[in-house]
Each structure stands twice: as structure tokens, then as C-alpha cells.
Amino acid sequence: MKNAIVTRMPSKGISKAVGNYSHITKVEPNATLYTFSGQIGADLDGNIPEDFNHQVINTFKNISNLLKSVGLGADNVIKVNIWSTEEIDWEFFDEIYIEFFGDVHPSMTVAYVSALGLDTIKIEIEVWAAGH
């Protein structure tokens, strides 16, 4: 996925990325910046599954729906912030992440935290995007 607003740039003078992310994401002038509230693994009825990986799947569905609601797609995402209360199953997570973003990944931060907004929430993902 590629668009004229967002560019993933190679970095020099630092270590190679240790995961599926870009160290540098550039947004062209005159783009509109979108910030979205962190999304959780609730389904459309507001039910939060117990299973961590099911929460991951639902969270990316929710992010996709948010982006579509303003005419954007995964290639418009410039930054991903991930908060998790459990160790992430990276093999599973990366399958979902790569399916969502393809081969070109936005900048990313991951943090393990002791709690999120509700006891049942195990992962929350926030995205920032740019578009017209």
C-alpha cells in the first residue's frame, strides 16, 4: 500500500527495527492529521472476549472501521501505540498486523502496563493517520 501523503523512510545511524515498524514516517505538507481514541477488542455489541488473541482480532476490526468511517485506510496510518496487560503472542499478532498493514509498516511504540480502562481489557491500540 502506498499513497502520496505518507512515506516510510529508511533510517541511518541507528539499529535496524526489531519488529514490523518504521523508525521514520513522513507526512506531506497540507495533509490532515487524524487522531483516534485507543481501540479495544470489544465486538460491535460491546462484548469483550476473554481470549487475548480474539481481542487483537477485534481491535484491528475496530481500527479498520474507524479509518473507513473517515475515508482512510491502513496506508494512511502514521503511528501505532500499543498497550498490553499480557505478553503479546508476537507470532499471532504479526500475522494480523501484516494482514492489516501489508509490507510497509507505520512507526510503532509498545508498552506493557499493569492495567487498562476495564479489568477485561487486555490490549488497547491507538493509531494516528494522515489524509486529505
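A residue is called buried when its relative accessible area is under 20%, exposed when this area is over 50%, and partly exposed in between, with a 1.4 Å probe and with protein chains only taken into account. The structure described here is a predicted model, in which local features need pLDDT of at least 70 and side-chain atom pairs count only at pLDDT 80 or more, whereas totals for chains, interfaces and linings use all residues. Residues are numbered from 1 along each chain as its sequence is written, and side-chain values use heavy atoms, with hydrogens and water left out.

The aromatic residues are considered first. A pair of aromatic rings is described by the distance of the centres and the angle of the planes. Rings of Phe, Tyr and Trp (for Trp, its six-membered ring) are taken as a pair if their centres lie within 6.5 Å, and the pair counts as stacked if the planes are under 30 degrees apart, as edge-to-face if they are over 60 degrees apart, and as tilted in the remaining cases. By this rule, the count comes to eight aromatic pairs. One of them is formed by Phe 60 and Tyr 97, which are arranged edge-to-face, with 6.1 Å from centre to centre and 80° between the planes. Because Phe 60 lies in helix α1 (residues 52-69) and Tyr 97 in helix α2 (residues 90-101), this pair ties together parts that are 37 residues apart in sequence. Helices (H or I, at least four residues) and strands (E, at least two) are DSSP runs, numbered from the N terminus. Phe 60 counts as buried at 5% relative accessibility, and Tyr 97 counts as buried at 0%.

A further edge-to-face pair is formed by Phe 100 and Phe 101, with 4.8 Å from centre to centre and 85° between the planes. Phe 100 is buried, with a relative accessible area of 15%, and Phe 101 is likewise buried, with a value of 2%. Phe 60, Trp 90, Phe 93, Tyr 97, Phe 100 and Phe 101 together form one aromatic cluster.

The charged side chains are considered next. A salt bridge is defined as a side-chain nitrogen of Lys or Arg within 4 Å of a carboxyl oxygen of Asp or Glu, and the structure holds three salt bridges. In one of these, the side chains of Lys 26 and Glu 28 meet at 3.6 Å, N to O; Lys 26 is partly exposed, with a relative accessible area of 38%, and Glu 28 is also partly exposed, with 27%.

In another salt bridge, the side chains of Lys 122 and Glu 50 meet at 3.2 Å, N to O. Lys 122 lies in the loop between β5 and β6 (123-131) and Glu 50 in the loop between β3 (32-35) and α1, so the pair ties together parts that are 72 residues apart in sequence. Lys 122 is buried, with a relative accessible area of 12%, whereas Glu 50 is exposed, with 62%. Lys 122 also meets the side chain of Glu 86 in a salt bridge of 3.5 Å, N to O. This pair links distant parts of the chain, with Glu 86 in the loop between β4 and α2 and Lys 122 in the loop between β5 and β6, 36 residues apart.
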